[in-house]
Amino acid sequence: MTTDAPAGGPVRLIKNRYELRTQLGRGGMGTVWLAMDRMLGRLVALKEVVLTPYGEGIEIQRARALREARSLARIRHPAIAEIYDVFEEGGSPWIVMVHVEGGSLDDLIRRRTLSEREIAALGREVLAGLTAAHAAHVVHRDVKPANIVVGHEGKVVLVDFGIAQIVGESGLTSRSIMLGTTEFMAPERIDGRAVGPAADLWSLGVTFFCALEGYSPFRRDNAYATVHAVCTDDLPPPRRGGPLYDVVAGLLRKDPALRMGAAELDRRLAAIAAPPRREPPVERPRARPPQSRPEPPPPRQASSLRDASSLRSAAAALAAMAPAAIGQALDAMTDDPSRAAGVLALLPSGQAGRAVGHMTAAGAAALLRQLPASRGASILADVPDRVAADILNALGVTPAAVRLVEAMTTRRARQVLEYVPPPVTAALLRATTDGRAARLLAGLSPAVRAQIAID
Ligand SMILES: Nc1ncnc2c1ncn2[C@@H]1O[C@H](COP(=O)(O)OP(=O)(O)O)[C@@H](O)[C@H]1O
Ligand SMILES: [Mg+2]
């Protein structure tokens with residue numbers, strides 16, 4: 001199985017055809033490799049299903065791999081990984097499928113906070129794939145961020161039909177082993193009721209929650225507590241309230257009969273994913289503040305007096321809008337960040353914070369750069385931790401970011417720095433001059449501290 005690669009290093013060649021390159025990912029069932037199909041001269045993804053002597057019997061695991069391949073083969077949809085072949089070699093079943101260039105949604109969520117619009121857009125893709133699966137009588141049963149690959153140019157693909165069930169075929173689960181990830185599992189799966197497509201929609205709801213809020217809503221510190229939480233605990237309240245949270249609440253109804261269905265879900269996601277409506281500019285009399293949109297930026301030669309009154313009227317107009325709309329309006333004012341920052345500074349802190357929480361990290365950073373650090377810190381006090389961390393990260397290791405950290409309370413700075421990439425945190429702490437670096441560092445979690453060395 002091992003031959004020499006043209007470059008001289010050993011390569012692992014499977015079935016005398018597939019040259020293993022790198023690991024694309026790893027899950028409960030085995031390893032997914034990026035491989036070169038020498039016969040067709042193209043890259044493919046190769047899933048090696050590792051049969052283990054633990055848990056289920058070898059024959060059941062083998063049958064499950066075949067079932068994964070057959071489930072995939074039933075579905076033709078751009079959001080479902082296309083299967084090319086399945087075979088056994090070296091004691092392992094191997095599944096050959098299309099290689100999706102990108103990374104898992106799980107990794108993406110860990111790296112940055114996604115906007116509602118991004119989550120809705122990729123959610124629609126996954127939903128379309130799931131709907132195609134359901135139409136082919138396949139229930140996925142393991143929908144979660146790790147099983148969604150987000151590729152370039154908006155390509156989203158649902159993978160891992162390893163425990164999928166083809167409706168009407170007998171179950172493979174032996175000795176009541178509960179397969180799948182309990183924190184994403186629908187209550188009706190946990191208590192053994194009949195499971196249908198609605199169970200996948202539940203898992204999609206948990207997935208959306210993770211992407212939106214940055215944590216898994218029913219995860220507890222042991223499996224029993226997690227299962228209990230799925231079945232009985234209420235959905236945690238939102239840190240980023242908005243239309244997507246309402247969708248999540250509709251999907252996470254414990255009773256599958258009351259759960260939001262695919263058609264309504266698609267409608268709601270489409271509305272959230274739609275780009276903001278660009279209203280045609282309206283000529284307004286100068287004396288009256290605009291009702292729903294900030295005024296367009298004044299001409300550059302405007303006097304500072306006119307500026308001040310125009311900032312106030314723009315702020316008054318924004319103050320009447322919902323936080324998400326304010327955030328979008330501020331993001332749209334990129335051509336004049338100092339004006340946008342001026343408007344932001346005129347909003348009450350709480351409202352400013354909620355609005356900033358809906359901006360892109362780069363947009364928010366551009367505005368905070370223009371404001372005094374104390375004002376920036378008080379605005380960030382009302383921004384969710386991970387979102388604030390993204391903004392700080394977007395500011396980069398700059399004097400503005402350092403001053404912002406110095407202006408935060410110790411508690412707040414720790415909460416935010418916890419989510420900033422550790423190398424950036426390290427550089428920021430090193431640059432602070434308020435003598436709090438060691439104290440701030442000591443308040444970070446051991447996992448983050450382990451990646452930071454401050455001399
Ligand atoms: N076709 C593919 N293209 C690119 N990456 C993939 C593909 N299939 C799986 N992956 C990556 O490999 C990881 C593990 O694959 P998965 O099928 O979920 O294995 P497991 O059954 O062991 O969980 C996924 O999280 C994903 O990141
Ligand atoms: Mg998986």
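Which residue in strand 10 stands opposite Gly102?

Reply: The residue opposite Gly102 is Gly151 in strand 10. This is a predicted model, in which local features need pLDDT of at least 70 and side-chain atom pairs count only at pLDDT 80 or more, while totals for chains, interfaces and linings use all residues. Residues are numbered from 1 along each chain as its sequence is written, chains are lettered from A and ligands numbered from 1 in the order in which they are written, and side-chain values use heavy atoms, with hydrogens and water left out.

Strands here are DSSP runs of E with at least two residues, helices are runs of H or I with at least four, and both are numbered from the N terminus; two strands pair if DSSP finds at least two bridges between them. Strand 8 and strand 10 (residues 148-151) run antiparallel and are joined by three bridges. In general, the strands of a sheet pair through backbone hydrogen bonds, which may be parallel or antiparallel in arrangement.

His137 lies in the loop between helix 3 and strand 9, and its phi is near 65°, a positive value in a residue other than glycine. Most residues other than glycine have a negative phi. His137 counts as partly exposed because its relative accessibility is 46%, where buried means under 20% relative accessible area, exposed over 50% and partly exposed in between (1.4 Å probe, protein chains only).

The magnesium ion (ligand 2) has Asn147 (OD1) and Asp160 (OD) as its protein donors, 2.1 to 2.2 Å from it; donors are N, O and S atoms within 2.8 Å of the metal (3.2 Å for Na, K and Ca), and since water is not among the atoms, sites may look incomplete. Asn147 sits in the loop between strand 9 (138-139) and strand 10, whereas Asp160 sits in the loop between strand 11 and strand 12 (165-166), so that the pair, 13 residues apart, links distant parts of the chain. Both Asn147 and Asp160 are buried.

Asp160 leads on to one further residue, since it is among the residues that Lys47 touches, others including Glu68, Trp94 and Met97, not counting residues up to four places away in sequence. Lys47 is found in strand 5 (residues 42-49), and it counts as buried because its relative accessibility is 6%. An unreviewed UniProt entry covers Lys47 with the annotation "binding site"; UniProt positions are given in the numbering used here, feature names are shortened, and annotations may be inferred rather than shown by experiment. As a setting for this part, the protein chain comes to 20 helices and 12 strands, and buried residues make up 49% of its 455 residues.

Methods:
Contact = heavy atoms within 4.5 Å.
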